[in-house]
Amino acid sequence: MALRAAISCRVLIKSSAVLGVRSMSSSSSWWRSVDPAPKDPILGVTEAYLADPCPDKVNVGVGAYRDDNGKPVVLECVREAERRIAGSFNMEYLPMGGSINMIEESLKLAYGENSDLLKEKRIGAIQSLSGTGACRIFAEFQKRFCPDSQVFIPVPTWSNHHNIWRDANVTQKTYRYYHPESRGLDFIGMIEDIKSAPNGSFFLLHACAHNPTGVDPSEEQWKEISHQFKVKGHFAFFDMAYQGFASGNTEKDAKAIRIFIEDGHPVGCAQSYAKNMGLYGQRVGCLSVVCDDAKQAVAVKSQLQQLARPMYSNPPVHGALVVSTILGDPELKKLWLREVKGMADRIIRTRAALRESLEKLGSPLSWEHVTNQIGMFCYSGLTPEQVDRLTNEFHIYLTRNGRISMAGVTSGNVGYLANAIHEVTKYG
Ligand code: LMR
């Protein structure tokens, strides 16, 4: 059918040319109804920033770490891993499920070095195309094996979560998470929504450093959330894109998952090495699903890789080698943990500097939340109109929900940023 349509289309183009009729290019005839896609709310900000010739421009849109000179960072442990890898590996395909070593190391990181789940081989896991790929494969898995299920997503969340579950055709519901008045967690609302969701619902949770709010439940609150999940028989899927980035300690940042595991939940988890190893463009991560036993884990893994096969066949090798080299060598791992802490600490210092600058300018507003929030982002409370003014008048680029990527703030631009924020907020 398709072949016949293509042949008749070519015939049409040829005869039009002979008749001198305006030739119809195949692209205009085939894709006439395609409108430009809307700009991505996060990556579109980078596009706009790059197009701005102003020398003073500032990009606090995308969550990508920069050093205090505003430059991208390649970690020393990554450089060393690359030196070790160079020349010593071939370029063969990885298995469909990815690098076994990388997966093993990732599971230790998420679930704990001595986790019984690992000893009992109860986790079905594959290497993923970073955190996005892990979420997407999980969403497809959910749709395939629980076709009538829906997913509860926090308000707000990383904008791409909506795209991922939409494209996997999973119905999305929301649960309350952020409390705009206190600029903190809406714990009461969250618990109410967990309780009122149908028993056995899927919930997307941010394991730490919630994106975009920078607001995480406390340990006590996680315990209560886990308890309520138990009562309702919900399934927790953790997106853990920032392990180590919140507190500077990878164990501490895995606390939420560990609490759920202690309570016997069969969780799922998306891990990413974009932020905590700075491997943004390598697209390396891990998707894991905790199962009842080893046999189930084998079956789940086989289905996860079966989902990956028609999408991209098998994942790329380089990033996986970097990760397994670092995590598999005690000395390199130590260096990595120091470097993650260094990045987290710079962000914490930058938060303090931004708040102090705003207070020094005499801002009538409270900026306590800038230092209370955690991780890469500050959910500033700026309105979309105030964000537009920052961009149009001051060439400061951020998402319209008021999220500031603290990783883009430096000692060189913090004063400029504070001044601009003060200008657009001082009259309310
Ligand atoms: C972000 O939230 O800015 C990052 O996770 C980058 C992305 O892909 O959106």
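I count a contact as heavy atoms within 4.5 Å. This is a predicted model, where local features need pLDDT of at least 70 and side-chain atom pairs count only at pLDDT 80 or more, while totals for chains, interfaces and linings use all residues. Residues are numbered from 1 along each chain as its sequence is written, and side-chain values use heavy atoms, with hydrogens and water left out.

**Domains**

I looked up the division of the chain first. Domain 1 covers 40–72 + 343–424 and domain 2 covers 93–327; the bounds come from an automatic or database domain assignment. Taken over C-alpha atoms, the centres of the two domains are 28 Å apart. At the contact between them I noted 23 residues from domain 1 and 22 residues from domain 2.

**Cysteines**

How many disulfides are there? I used the rule that a disulfide is a pair of cysteine sulfur atoms within 2.5 Å, and the count is zero. I then checked two of the cysteines. For Cys 135, the closest cysteine sulfur is in Cys 269, at 9.2 Å, which is too far for a bond. For Cys 146, the closest is in Cys 291, at 12 Å, again too far for a bond.

Are these cysteines buried or exposed? My cut-offs on relative accessible area are under 20% for buried, over 50% for exposed and in between for partly exposed, with a 1.4 Å probe and protein chains only. Cys 135 is buried at 0%. Cys 146 is partly exposed at 32%.

**Helices H14 and H15**

Helices here are DSSP runs of H or I with at least four residues, strands are runs of E with at least two, and both are numbered from the N terminus. H14 spans residues 318–327 and H15 spans residues 330–360; their axes come within 6 Å and cross at roughly 100 degrees. The axes are lines fitted to C-alpha atoms, for helices over the stretch in contact, and the angles run from 0 to 180 degrees between N-to-C directions. I record H14 and H15 as roughly perpendicular, since angles of 65 to 115 degrees count as such, under 35 as roughly parallel, over 145 as roughly antiparallel and the rest as oblique.

On the H14 side I find Thr 325, Ile 326 and Leu 327, meeting Leu 332, Lys 333 and Trp 336 of H15. By class this contact has four nonpolar, one polar and one charged residues. Nonpolar takes in Ala, Val, Leu, Ile, Met, Phe, Trp, Tyr, Cys and Pro; charged is Asp, Glu, Lys and Arg; the others, Gly among them, are polar.

**Backbone**

Where are the cis peptide bonds I noted? One joins Val 155 and Pro 156, with omega about -5 degrees, and Pro 156 sits in the loop between strand S3 (150–155) and helix H8 (159–167). Another runs from Asn 211 to Pro 212, with omega near 15 degrees; Pro 212 is in the loop between strand S7 (202–206) and helix H10 (219–232).

I also noted positive phi in residues other than glycine. Arg 183 has phi near 55 degrees, lies in the loop between strands S5 (178–179) and S6 (184–185), and is partly exposed at 27%. Ser 313 has phi near 75 degrees and belongs to the loop between helix H13 (294–312) and H14.

**Gly 131**

Last, I looked at Gly 131, in helix H7 (residues 130–145). Gly 131 is buried at 8%. Leaving aside neighbours within four places in sequence, Gly 131 is in contact with Ala 270, Gln 271 and Ser 272.
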